[in-house]
Amino acid sequence: MGSRKCGSCLSSLLIPLALWSIIVNILLYFPNGQASYASSNKLTNYVWYFEGICFSGIMMLVVAAVLLVLENDNNYKCCQSENCSKKYMTVLSMIFSALGIAFSGYCLVISALGLLQGPYCRTLDGWEYAFEGTAGRFLTDSREWIQCLEPAHVVEWNIILFSILIALSGLQVIVCLIRVVIQLSKSLCGTYSVIIQPGII
């Protein structure tokens with residue numbers, strides 16, 4: 001019972017993380033609150049992978065909903081025996097938790113690449129990725145940020161939002177990984193009681 005409550009709490013935690021991922025990803029499309037850069041395709045290309053909206057957002061909401069349903073006590077009726085049904089639900093829970101790791105891991109990787117690449121901005125040489133060849137060194141040297149003339153403060157905008165996406169998706173990976181470990185321990189350690197039918201022995 002305790003592990004089931006723990007699983008439900010972890011699944012519930014995925015919901016606000018997913019909602020925040022959607023919000024943060026949407027904000028990346030509006031540097032300085034302006035929509036003109038998105039409409040003219042003057043944003044970093046990693047924004048268009050929809051990592052926070054689709055994968056760490058909508059898909060994680062679906063995963064969280066399924067996991068919460070699987071944790072419901074009324075679902076253990078798919079097999080003839082209760083023990084069989086619980087094991088079946090445990091396997092399904094592990095599969096969806098693994099999918100959660102894949103979805104959030106995708107967001108984590110894409111956000112990290114977007115952070116290291118830097119923003120697409122207007123410099124003295126025109127619109128370009130001003131920090132693409134720096135291997136992320138610009139992140140610790142704020143003096144280089146003045147190379148981006150437009151949008152204003154786009155470097156800080158990208159660094160903050162991509163960093164938040166990395167943190168959110170990282171937490172999702174951890175939550176789903178903990179769920180996999182919990183469900184795996186249930187299967188291997190045999191926490192489900194074996195029902196012995198009378199007359200068998």
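This report looks at the cysteines, the nonpolar cores and a surface patch of one structure. Keep in mind that the model is predicted.

Let's start with the sulfur. A disulfide is a covalent bond between the sulfur atoms of two cysteines. This structure holds one, and it joins C121 to C148. The link is left-handed, with -60° about the S-S bond. It ties together distant parts of the chain: C121 sits in strand β1 (residues 120-123), while C148 lies in the loop between β2 (126-129) and α5 (154-189), 27 residues apart. Both C121 and C148 are buried.

What about C9 and C107? Are they buried or exposed? Here is how they come out:

| Cysteine | Relative accessible area | State |
|---|---|---|
| C9 | 55% | exposed |
| C107 | 0% | buried |

Now for the inside. In soluble globular proteins, nonpolar side chains tend to be buried together. The largest nonpolar core here has 26 residues, and C148, V155 and F162 touch the most other members.

Finally, the outside: W20, I23 and L27 form a nonpolar patch on the surface, with about 300 Å² of accessible area together. W20 belongs to helix α1 (residues 2-27).

How values were computed:
Residues numbered from 1 in each chain as written. Predicted model: local features only at pLDDT ≥ 70, side-chain atom pairs only at ≥ 80, totals over all residues. Heavy atoms only, no water. Disulfide = S-S within 2.5 Å. Helix = DSSP H or I, 4+ residues; strand = E, 2+ residues; numbered from the N terminus. Buried < 20%, exposed > 50% of the residue type's maximum accessible area, 1.4 Å probe, protein only. Patch = residues over 30% accessible without salt bridge, like charges linked within 9 Å, V, L, I, M, F, W, Y side chains within 5 Å. Areas by Shrake-Rupley, 256 points an atom, 1.4 Å probe, with all protein chains shown as cover. Salt bridge = Lys/Arg side-chain N within 4 Å of Asp/Glu carboxyl O. Core = buried A, V, L, I, M, F, W, Y, C linked by side-chain atoms within 4.5 Å.
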